[in-house]
Amino acid sequence: MKRLQIKTAQNVNINFTLANVGQRLLAFGLDNVIKFAYLYFAIKFLDFKMFDAAVNGDSWSLRAIDVMLFLPVTFYSLYTELLLDGQTVGKKLLNLKVINVDGFKPSTTDFMIRWFLRMVDFNLFTLLFVYVASLGLDSEIALLMLLFFFGKMIGFFLVLFTDNNQRFGDIIANTVVIYLKDDVKFSETILENISNTYVPTYPNVIKLSDNDARIIKSTFRSAKKFNDYKTLIKLRTKILEVTEIKSVHQNDKEFIDVVLKDYNFYTQNM
């Protein structure tokens, strides 16, 4: 498997394993199963005759209903990656995650770019089909089938042959997809899972370095695992000394956990 090495501002190297084309293709397949299941049950249980009667057969109203039906499918990858912190349901099941190439959480704009450029990665055949049809070549079935296959495989070939296993949307959004079950586990890096609505508590955490944050997280995880309260007290004291945080109203575990999340919040938004 290919690996991505990220060098922080403090010259600390963090390694991630990149998701390969097979893993990404399987996640893509699982996500499509979910989409098709939604459409199947929506069409099966919705009474379209009732809708038709309600709008008196108005074609524009019926088209609006069709659009609303397909909205959850159209925006599936966008809202799932935003809500699940860089993962669709398929990615979550396969332990895959989207991150910025610098190791941080992608911005909302990054996720939107990835979603929009699926048009190139997976749906280029639609554009090519329209172009060929405009030339009056719609009778050339073999050519249309070739364009269909080519358009659907753009993302596949890019992931297969690019250095960081990136499809076009990843390249433009500056993102990569990593495999979380790794020798260097995601939980062992300085990264923390924080929501888009997270509100930081201690601005002074920016006085810490990436290396400080990594040492704090590693020590904190070990101390929590073995209920080593002496180490937690020492760690809290050191953090207070370095950051010069004055007022704290949490116990040791809560305080250190907030410090790590705050550090991620500020460094991701710098």
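Visitor: Is the crossing of helix 12 and helix 13 left-handed or right-handed?

Guide: A crossing is called left-handed if the near helix is turned anticlockwise from the far one by less than a right angle, and right-handed if clockwise. Here helix 12 crosses helix 13 in the left-handed sense. Please keep in mind that this is a predicted model, in which local features need pLDDT of at least 70 and side-chain atom pairs count only at pLDDT 80 or more, while totals for chains, interfaces and linings use all residues. Residues are numbered from 1 along each chain as its sequence is written, and side-chain values use heavy atoms, with hydrogens and water left out.

Visitor: At what angle do helix 12 and helix 13 pack?

Guide: Helices (H or I, at least four residues) are DSSP runs numbered from the N terminus, and their axes are lines fitted to C-alpha atoms over the stretch in contact, with angles from 0 to 180 degrees between N-to-C directions. Helix 12 (residues 229-243) and helix 13 (residues 252-268) pack at about 45 degrees, their axes 10 Å apart. That makes helix 12 oblique to helix 13, since angles under 35 degrees count as roughly parallel, over 145 as roughly antiparallel, 65 to 115 as roughly perpendicular and the rest as oblique.

Visitor: Which residues of helix 12 and helix 13 meet?

Guide: Contact means heavy atoms within 4.5 Å. On the helix 12 side these are Y229, L232, I233, L235, R236, I239 and L240, and they meet D252, K253, F255, I256 and V259 in helix 13. By class, this contact has nine nonpolar, no polar and three charged residues, where Ala, Val, Leu, Ile, Met, Phe, Trp, Tyr, Cys and Pro count as nonpolar, Asp, Glu, Lys and Arg as charged, and the others, Gly among them, as polar.

Visitor: How far apart are the axes of helix 11 and helix 12?

Guide: The axes of helix 11 (residues 210-225) and helix 12 lie 9 Å apart, at an angle of about 155 degrees. Helix 11 and helix 12 are therefore roughly antiparallel to each other, and their crossing is left-handed. I216, T219, F220 and A223 of helix 11 make the contact with T231, L232, L235 and I239 of helix 12, and the residues of this contact divide into six nonpolar, two polar and no charged.

Visitor: What is the handedness of the crossing of helix 4 and helix 6?

Guide: The crossing of helix 4 and helix 6 is right-handed. In helix 4, S77, L78, E81 and L82 meet T108, F111, M112, R114 and W115 in helix 6, a contact with five nonpolar, two polar and two charged residues. Helix 4 and helix 6 (residues 108-116) pack at about 155 degrees with axes 9 Å apart, which makes helix 4 roughly antiparallel to helix 6.

How values were computed. Helices (H or I, at least four residues) and strands (E, at least two) are DSSP runs, numbered from the N terminus.
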